[in-house]
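My notes follow in the order of looking.

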Amino acid sequence: MTKPPKPKPLLQDADKPVQSRPRKPRNPAQPNLPLDPMPDRIDPCLALLKSKPPKGPRWAFEVKWDGYRLAVHIEPSGVRILTRGGHDWTDRFPAILAEARRLPVGTAILDGEAVVFDEHGRSDFGRLQQSLGGRGGRRMSREAVLMVFDLLYFDGRDIRGTELISRRHLLEGLVPAGGEEAIRLSEEIEADGDTLLRIACEHGLEGIIAKDRNSTYRSGRGGEWLKIKCIQSEGFAIVGYQFSSAAFGNIGALLLAAKKGGELVYVGSVGTGFKADEAMKLRATMDQIRMTKPAVTYSGRRKGLVWIKPKLIAEIEYRAWTHDGKLRHASYKGLRSAADSAEVYEIIEQQDGDV
């Protein structure tokens with residue numbers, strides 16, 4: 001009787017997996033083709049200011065965060081953290097950098113807002129600036145958290161051309177909700193826009209953001225994203241200050257300007273919101289850019305005015321506009337940074353007391 005052939009070693013133990021020779025690990029710097037080239041930098045999608053939330057199921061809502069817009073580029077060669085103006089601030093956010101390195105993805109671009117929270121869990125722009133050493137400071141912010149709300153590039157694919165609802169689906173798989181890490185998901189909130197805005201304002205938040213679920217990602221202010229604020233807050237050019245021997249930094253009030261028809265126009269002053277140390281630094285900065293004549297037409301009767309070149313942009317909170325186009329109940333929040341690509345507020349039209 002003929003004996004059956006001896007089994008090959010490969011088949012002797014059916015419980016063992018069939019394996020070939022050990023494979024070398026793939027070099028992460030060598031992508032799987034075909035891939036979309038990763039953009040070196042992307043100008044962000046910006047929210048258009050509206051007075052009321054939009055209606056309808058096409059709109060998704062989130063909290064409006066008050067901080068610095070950042071793009072986090074995760075690449076095989078490392079992580080880069082870029083400001084809205086394209087400045088590399090990777091070293092200034094060490095906690096966000098460390099968390100980005102831990103994310104389970106090979107390549108990605110995250111779009112979000114770096115914030116510092118106050119004791120009530122609200123984003124506080126002033127605290128973020130202080131953590132970075134103030135305007136022009138070089139300090140690292142270890143307490144800053146990135147609230148990420150969009151995903152622009154994912155595992156070799158440029159996904160800006162896909163709709164928001166699909167980008168969010170991928171983002172939620174990468175950055176799950178409810179985290180306490182330095183990179184957290186800015187969650188969509190299932191609620192009517194009017195109701196959510198009311199609740200946000202009651203809790204002292206800055207406002208809400210509405211986003212078209214079906215929109216692609218477009219740089220600039222195209223209307224796909226809308227911002228609705230509880231308290232108005234915008235950037236205004238500082239064109240001078242009123243000297244006061246009794247005020248912090250001798251700044252009795254800052255004189256402010258907005259853009260209108262391509263020119264700067266005077267929109268009033270702000271005399272509250274200053275802290276002693278910030279006022280001293282601001283005064284020293286302004287005195288370096290003095291000028292003899294105002295950069296705007298000014299017909300007021302204030303005394304002790306010092307005019308400066310309109311190079312500084314202040315973030316100003318205000319309640320409304322007066323009938324003659326001046327800010328009402330204004331409060332100083334801080335100087336915007338050049339790295340944040342700060343914009344001077346532009347007056348488009350005037351309706352029902354709002355500019």
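I count a disulfide wherever two cysteine sulfur atoms lie within 2.5 Å of each other. The model I am working from is predicted. Applying that rule, I get 1 disulfide.

Which cysteines form the disulfide? I find cysteine 201 and cysteine 230, with their sulfur atoms 2.1 Å apart. This pair joins distant parts of the chain, its members being 29 residues apart. I place cysteine 201 in helix H4, which covers residues 193–202. Cysteine 230 sits in the loop between strand S10 (225–229) and strand S11 (232–243).

Next I looked up the handedness.

Cysteine 201 has a relative accessible area of 32%, so I note it as partly exposed. Cysteine 230 comes to 23%, and I note this residue as partly exposed too. I also looked up cysteine 45, which is buried at 1% relative accessibility.

Last, I turned to the chain as a whole. It has 355 residues, and 46% of them count as buried. I list 5 helices and 18 strands. Of the contacts between residues at least 6 apart in sequence, 67% join residues at least 24 apart. The chain exposes about 19600 Å², of which carbon and sulfur atoms supply 50%.

Methods:
Residues numbered from 1 in each chain as written. Predicted model: local features only at pLDDT ≥ 70, side-chain atom pairs only at ≥ 80, totals over all residues. Heavy atoms only, no water. Helix = DSSP H or I, 4+ residues; strand = E, 2+ residues; numbered from the N terminus. Buried < 20%, exposed > 50% of the residue type's maximum accessible area, 1.4 Å probe, protein only. Contact = heavy atoms within 4.5 Å. Areas by Shrake-Rupley, 256 points an atom, 1.4 Å probe, with all protein chains shown as cover.
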